[in-house]
Amino acid sequence: TSDIHQTEILTKWGSAYDLAVSNLHNGDWVQYNRIDLGDGASEVIIRASSTISGGRLEFREDTLEGRLLASVTLPNTGGEECFQNLYAKTDPSLTGIRKLFLIYYGTDNTCRVNWFLFH
C-alpha cells in the first residue's frame, strides 16, 4: 500500500497543501476507477520525484496485468520534494471513461507521485 503525503513546496496556486502518493514499494499500485480520456490522449504527464534513477511507473488498463498504456523510467530528480514533469506517449485510440492502474516498480520509498494528466 502507499501513503498520501503532504508536499512542502508551494504549488502554482500558492498553497502548501499539495498531496503526493508516497511510501511506494516495488509493485505497489493505485486504482483509478473513472479516468475520462475524452476523445483520446496521445500523452500522459506524470509529476513525480525520485531520489534514485531507474524506477518505473506504468499505467495499465482495467487490471494490474491489463494492456500497458504508458511507461516512464524515473530519473533522480534530486530529492523527494524535487518534483519533475515526466512525459510518456499513449495510444490515442484509448477513449472514454476507463479504469486505470498506476503501478510503481523500483526501490522502496524512493518515489513520490504528485499528479498525472492525460492529454
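Student: How many cavities of 30 Å³ or more does a search of the whole structure find?
Tutor: The search finds 1 such cavity. Please keep in mind that this is a predicted model.

Student: What volume does the largest cavity have?
Tutor: Its volume is about 50 Å³.

Student: And which residues line the largest cavity?
Tutor: The lining consists of V21, L24, D28, W29, V30, L57, L102, I103, Y104 and V113. Of these residues, 9 are nonpolar and 1 is charged, while none is polar.

Student: Which elements give two or more residues to that lining?
Tutor: Those are strand 3 and strand 8 (97-105). Strand 8 contributes the most, with 3 residues.

Student: What is the order of the strands in the open sheet?
Tutor: The open sheet has 4 strands in the order 3-8-5-6, and the pairing is antiparallel. Strand 3 (29-36) and strand 6 (68-73) are the edge strands, each pairing on one side only. On average, neighbouring strands of this sheet are turned by 20 degrees against each other, direction ignored.

Student: How many bridges join strand 5 to strand 6?
Tutor: Strand 5 (residues 56-61) is joined to strand 6 by 5 bridges, and the two run antiparallel. L57, for instance, has V72 in strand 6 as its bridge partner. L57 is also among the residues lining the largest cavity.

Student: New topic: where is E81 found?
Tutor: E81 lies in the loop between strand 6 and strand 7 (84-89).

Student: Is E81 buried or exposed, and why?
Tutor: E81 counts as buried because its relative accessibility is 16%, and the cut-off for buried is under 20%.

Student: Which side chain does the side chain of E81 join in a polar contact?
Tutor: That of R112, through a polar contact of 2.8 Å.

Methods. Residues are numbered from 1 along each chain as its sequence is written. This is a predicted model: local features need pLDDT of at least 70, side-chain atom pairs count only at pLDDT 80 or more; totals for chains, interfaces and linings use all residues. Side-chain values use heavy atoms; hydrogens and water are left out. Two strands pair if DSSP finds at least two bridges between them. Axes are lines fitted to C-alpha atoms, for helices over the stretch in contact, and angles run from 0 to 180 degrees between N-to-C directions. Buried means under 20% relative accessible area, exposed over 50%, partly exposed in between (1.4 Å probe, protein chains only). A polar contact is a pair of N or O atoms within 3.5 Å; within protein, one must be able to donate a hydrogen and the other to accept it, and residues adjacent in sequence count only if both atoms are side-chain atoms. On a 1 Å grid over the protein atoms alone, a cavity is a set of points where a 1.4 Å probe fits but cannot get out, and a pocket is an open set with protein on both sides within 12 Å along at least five of seven lines; lining residues have an atom within 4 Å of a point. Grid points are joined across faces, edges and corners, and a volume is the space filled by probe spheres set on the points. Ala, Val, Leu, Ile, Met, Phe, Trp, Tyr, Cys and Pro count as nonpolar, Asp, Glu, Lys and Arg as charged, and the others, Gly among them, as polar.
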